[in-house]
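Hello,

Here is the structure I promised to pass on to you. Have a look at it first, and then read my notes below.

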Amino acid sequence: MLRHAIVRLRMEPGSVISEKELCLAYGVSRTPVREALKRLADEDLVDVFPHSGTYVSKISFEVAEEGFVIRRALEIESIRRAVAYATDEDIRRLERLIGEMRDILERGALHEYIEVDDAFHAAIAGISRYPRIWKFINLVKAHLDRMRQLSAPLPGHLAEVTEQHAAIVRALGRRNADQAELAMKIHLESSFAVMSAMYEDGRYFRRKEV
């Protein structure tokens, strides 16, 4: 729950974390809270300073970029394999998810989009018959997800993302591996370019390493 709150920016980068408040909020003792914070620190999502305090880490552009590179490599493999195994029902399921995305945009419920977006990509991994690809991607994309959350309100961004998803499904429906790979690559790289343009020293991001 803590990880989800951090990744979805409900706990802002740089904010103070109080163990006592978390214990009260979740109705647990300090032991599981400390264990959770230790695991989050291992993921670089929490900064623990002895005798000073615990804070939600600021977004590391370098870690996010590394997550993007790993994700791109795995998703390209995933979509190429999915072409070989996709059934008509698989295509309809992906189209239904795109319909959900369009409904979210019409309702302006942008906070819901990333969940359906992830379901879309996880479904492709499942179709590829390597479902654990998505599990591995999830392990490396936490900082990237925080950037995704920041970029969600940008005018027109998620509408463009939705159309890119549709292009992926059309290529998948044609069983064209090269077109599907290209559509996935365009989608991931253009989305990361939008997120990268949001980088700033200060409120949400760490200063870039040189």
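Let me begin with the residue classes: Ala, Val, Leu, Ile, Met, Phe, Trp, Tyr, Cys and Pro count as nonpolar, Asp, Glu, Lys and Arg as charged, and the others, Gly among them, as polar. With these classes, the lining of the largest pocket has eight nonpolar, no polar and four charged residues.

Please keep in mind that this is a predicted model, where local features need pLDDT of at least 70 and side-chain atom pairs count only at pLDDT 80 or more, while totals for chains, interfaces and linings use all residues. Residues are numbered from 1 along each chain as its sequence is written, and side-chain values use heavy atoms, with hydrogens and water left out.

Back to the pocket. A pocket is an open set of points on a 1 Å grid over the protein atoms alone, where a 1.4 Å probe fits, with protein on both sides within 12 Å along at least five of seven lines; its lining residues have an atom within 4 Å of a point. The largest one has a volume of about 290 Å³, taken as the space filled by probe spheres set on the points, which are joined across faces, edges and corners. Its lining includes M1, Y26, P32 and E43. Helix 3 (30–42) gives the largest share, six residues. Helices here are DSSP runs of H or I with at least four residues, and strands are runs of E with at least two, numbered from the N terminus.

Next, the aromatic rings. Rings of Phe, Tyr and Trp (its six-membered ring) pair if their centres lie within 6.5 Å; planes under 30 degrees apart count as stacked, over 60 as edge-to-face and the rest as tilted. The count comes to five aromatic pairs. F61 and Y199 have ring centres 5.8 Å apart and planes at 70 degrees, so they are edge-to-face. This pair links F61 in helix 4 (residues 61–85) with Y199 in the segment after helix 10 (177–196), 138 residues apart. For F68 and F192, the centres are 4.3 Å apart and the planes at 0 degrees, so this pair is stacked. F68 lies in helix 4 and F192 in helix 10, so the pair ties together parts 124 residues apart in sequence. F61, F68, F192, Y199 and F205 form one aromatic cluster.

Enjoy exploring!
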